[in-house]
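Subject: Structure handover

Hi,

Here is the structure for your files. My notes on it follow below.

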Amino acid sequence: MKSGQYKKILQIILQLVDEGVHVVDKNQKTIIYSEAMAHLEKVQLRDVLFKPFAKAFKHVDPEQSTLIQALLNKKSTTGEQQIYINNSGQQITTINSTIPVIDNGEVIAAIEVAKNITSVAELTQTIESLKKQINEGTGGPNLGFEDSLSLGRAGVMRLGADEIYYGSEGAGLDAHMEYIEKNIIQDAMILNNGNVTRAANYLKIKRQTLQHKLRKYDI
């Protein structure tokens, strides 16, 4: 198989995966930058591909970049949670894994794979806010959430006594997103005394959407 055919296969793979992929060579020049990563960081591919890292990401301190540290210090990181502001001013939460590529003892490249979990982090904050309003604002019952609801650093989201594995450590994230959504809707309905219209306004979704989800989760 010719090198051009390998390149074509790689391009298709990068289009299929949801995770962002960023690869720099030993000269800190970006040689692979997936569309998913560009969408996550709100940059144009042409502004990053085949450009020096320092030029493409002027706002990033190389000493704080796990990608550059992997290249310079052969430092690998797995399942590390990162929170940063992208070029659109949006706060992004990701789970990143970064490894150096070593050939005959020499680092020839570094690879970083980022999974966007911003929506999960936002849902976590929403649940905490709703739980606080119910338990403190209305004096309502505790809906079964433990006090500890947080994102772990090693690919684990802890929800009370439950542990949800995501990223490289498991594939349970998507399944548990519905669990989180259901509890948010239940909380919103209680806060609004079962009034669907007010609950929909509270959640900032259409009334028909909420009705569909109520039927879906048998609430």
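A word on terms before the findings: buried means under 20% relative accessible area, exposed means over 50%, and partly exposed is in between (1.4 Å probe, protein chains only). By that scale Glu-106 is partly exposed, with a relative accessible area of 40%.

This is a predicted model, in which local features need pLDDT of at least 70, side-chain atom pairs count only at pLDDT 80 or more, and totals for chains, interfaces and linings use all residues. Residues are numbered from 1 along each chain as its sequence is written, and side-chain values use heavy atoms, with hydrogens and water left out.

Salt bridges

The structure holds three salt bridges. The term stands for a side-chain nitrogen of Lys or Arg within 4 Å of a carboxyl oxygen of Asp or Glu.

Lys-26 and Glu-106 meet through their side chains at 3.5 Å, N to O. Lys-26 lies in the loop between β1 and β2 and Glu-106 in strand β5, so the pair ties together parts that are 80 residues apart in sequence.

Glu-19 and Lys-115 form a salt bridge at 3.6 Å, N to O. Glu-19 sits in the loop between α1 and β1, and Lys-115 in β5, so parts 96 residues apart in sequence are tied together. Glu-19 is partly exposed at 25% relative accessibility. Lys-115 is partly exposed at 21%.

Lys-213 pairs with Glu-181, with the closest N and O atoms 3.0 Å apart. Lys-213 counts as buried at 17%, while Glu-181 is partly exposed at 24%.

Strands

Helices (H or I, at least four residues) and strands (E, at least two) are DSSP runs, numbered from the N terminus. Two strands pair if DSSP finds at least two bridges between them.

Strand β5 (residues 106-116) pairs with β1 (residues 20-25) in the antiparallel sense, over six bridges. There, Gly-20 stands opposite Ala-114. β5 also runs antiparallel to β4 (residues 91-103), joined by ten bridges. Asp-103 has Glu-106 as its bridge partner. β4 and β5 form a hairpin with two residues between them. Asn-104, in that turn, has a positive phi of about 55 degrees.

Thr-30 is in strand β2 (residues 30-33). Thr-30 is buried, at 0% relative accessibility. Its side chain makes a polar contact with the side chain of His-22, at 2.8 Å. A polar contact is a pair of N or O atoms within 3.5 Å; within protein, one must be able to donate a hydrogen and the other to accept it, and residues adjacent in sequence count only if both atoms are side-chain atoms. Thr-30 and Lys-51 are 21 residues apart in sequence, yet 5.8 Å apart in space, C-alpha to C-alpha.

Helix α7

Which residues of α7 (residues 196-203) are buried? They are Val-196, Ala-199 and Ala-200. Asn-195 caps the N-terminal end of α7, with a side-chain oxygen 3.1 Å from the backbone nitrogen of Thr-197. After α7 comes Lys-204, with a positive phi near 60 degrees.

Best wishes
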